[in-house]
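Trainee: Could we go through this structure together? I would like to discuss helix packing and then the ligand.

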Amino acid sequence: MRVAFLGLGIMGHSMAANLVKAGHEVSVWNRTPGKDKDVEGARTAASPADAAQAAEVLWMCVSDTKAVESVLFGPNGADASLTSGMILADSSTISPSATQRFAERLKPRGVDYVDAPMTGSKIAAENGSLIFMVGGDPAPVERLRPLFQAMGKQVFHMGGTGKGQATKLAMNLQIAMIYEGFAEALTLATKLGVDIEKLLPLIQASMVRSGVVDYKAPFILKRDFSPNFPLRLMWKDIHLALDAAKEARVRLPGLEAVEEVYDLAAEEGHRDLDYAATLTLLEKWAGIEVKGAS
Ligand code: NA7
């Protein structure tokens with residue numbers, strides 16, 4: 001298929017590369033150009049509108065709601081090149097209600113909108129094993145299947161437009177809270193003199209075990225807080241979940257408490273580290289020597 005891919009960050013670059021590898025004809029665009037933003041085998045476009053020229057599918061993977069609005073409807077936005085029959089897919093994590101507004105704006109022009117955020121982090125993007133949670137009409141979702149297969153291993157079709165984003169917020173809410181529980185447990189245990197290297201296998205042998213711990217523990221043992229999923233993006237998702245909860249009149253007191261931790265970690269200058277670096281804030285408060293988060 002002819003695919004335009006907008007946004008070549010930690011996730012988008014590997015996703016676009018996997019589309020090329022699977023034999024699709026890909027044009028790519030990134031706001032900040034540079035050699036590291038080229039994708040071998042893809043055409044580098046000068047603007048979103050240029051990338052979208054003659055594409056059958058426009059795929060986005062940018063930071064947030066404003067970024068999606070800008071690449072679609074801003075200066076030189078893809079909007080100018082969208083034609084009837086095209087499918088727009090968005091793997092950014094953004095507001096479910098804004099997603100519905102974007103889709104409604106494009107529907108009269110015959111453009112289908114599929115929200116397709118994913119779970120799986122940087123490594124899964126690299127090896128094509130992302131899991132997508134998708135919102136949109138069944139026909140365009142079906143047409144996107146070869147592209148999902150090139151970038152991921154599973155697709156969960158959650159319902160109409162916006163349901164992919166709503167699901168993603170419910171997923172990341174859990175990751176943030178599970179990690180917070182894990183980080184608080186490590187902090188208390190360390191302060192009480194328990195050896196973390198002995199604690200980790202116990203956690204994973206018990207009913208407390210989790211995929212979050214599987215993924216994060218090796219990085220914590222190495223004190224490696226380089227970004228697989230930057231704290232600023234998890235912070236954004238927490239805000240999105242709290243906003244969506246407010247719109248839906250749902251109370252999320254646990255997530256509100258976690259939000260405060262992220263506010264303070266961001267103030268400490270940890271925005272661009274992995275969200276695992278929230279641990280170092282707890283350690284600092286506990287008077288434990290903090291390693292690896294400068
Ligand atoms: P990154 O690595 O922070 O990449 C973000 C990308 O979004 C990057 O290409 C940015 O371009 C682009 N971006 C950010 N703001 C804008 C605006 N205003 N206009 C156009 N492009 C923009 O994030 P990830 O790849 O880890 O994650 C991407 C999404 O997936 C995000 O929603 C996650 O929550 C899930 P830049 O290079 O800065 O010019």
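This is a predicted model: local features need pLDDT of at least 70, side-chain atom pairs count only at pLDDT 80 or more; totals for chains, interfaces and linings use all residues.

Trainee: Let us begin with α4 and α8. At what angle do they pack?

Mentor: Helix α4 covers residues 96-106 and helix α8 covers residues 163-191. They pack at an angle of about 165 degrees, and their axes are 8 Å apart.

Trainee: How are α4 and α8 oriented to each other, then?

Mentor: Angles over 145 degrees count as roughly antiparallel, and α4 and α8 are therefore roughly antiparallel to each other. The crossing of α4 past α8 is right-handed.

Trainee: Which residues meet there?

Mentor: From α4 there are Pro96, Thr99 and Gln100, and these meet Lys163, Gln165, Ala166 and Leu169 of α8. By class, the residues of the contact of α4 with α8 are 3 nonpolar, 3 polar and 1 charged.

Trainee: Now α8 and α10. What is the geometry of that pair?

Mentor: Helix α10 spans residues 211-221, and α8 packs with α10 at an angle of about 50 degrees, with axes 11 Å apart. The two helices, α8 and α10, are therefore oblique to each other. Here α8 passes α10 in a right-handed crossing.

Trainee: And which residues make the contact?

Mentor: On α8 they are Ile175, Ile178, Tyr179, Phe182 and Leu186, and on α10 they are Val212, Val213, Lys216 and Ile220. The contact of α8 with α10 has 8 nonpolar residues, no polar residues and 1 charged residue.

Trainee: What about α8 and α11: how far apart are their axes?

Mentor: The axes of α8 and helix α11, residues 231-247, are 9 Å apart, and the packing angle is about 120 degrees. That makes α8 oblique to α11. In this pair, α8 passes α11 in a left-handed crossing.

Trainee: A change of topic: where does Glu259 lie?

Mentor: Glu259 lies in helix α12, residues 253-267. Apart from neighbours within four places in sequence, Glu259 is in contact with Trp235, Ile238, His239 and Leu242.

Trainee: How far is Glu259 from Met177?

Mentor: Their C-alpha atoms are separated by 9.8 Å, although Glu259 and Met177 are 82 residues apart along the chain.

Trainee: Lastly, the ligand. Which residues come nearest?

Mentor: There are 24 residues around the ligand, and of these Ile10, Asn30, Thr32, Ser63 and Lys236 come nearest.

Trainee: What does Arg232 contribute?

Mentor: A side-chain N or O atom of Arg232 is 3.0 Å from an oxygen atom of the ligand.

Trainee: And which backbone distances can you give for Val62 and Gly9?

Mentor: A backbone N or O atom of Val62 is 3.0 Å from an oxygen atom of the ligand. For Gly9, a polar backbone atom is 3.5 Å from an oxygen atom of the ligand.

Definitions and conventions
Residues are numbered from 1 along each chain as its sequence is written. Side-chain values use heavy atoms; hydrogens and water are left out. Axes are lines fitted to C-alpha atoms, for helices over the stretch in contact, and angles run from 0 to 180 degrees between N-to-C directions. Helices (H or I, at least four residues) and strands (E, at least two) are DSSP runs, numbered from the N terminus. Angles under 35 degrees count as roughly parallel, over 145 as roughly antiparallel, 65 to 115 as roughly perpendicular and the rest as oblique. A crossing is left-handed if the near helix is turned anticlockwise from the far one by less than a right angle, and right-handed if clockwise. Contact means heavy atoms within 4.5 Å. Ala, Val, Leu, Ile, Met, Phe, Trp, Tyr, Cys and Pro count as nonpolar, Asp, Glu, Lys and Arg as charged, and the others, Gly among them, as polar. A residue is near a molecule or strand if one of its heavy atoms lies within 4 Å of it. A polar contact is a pair of N or O atoms within 3.5 Å; within protein, one must be able to donate a hydrogen and the other to accept it, and residues adjacent in sequence count only if both atoms are side-chain atoms.
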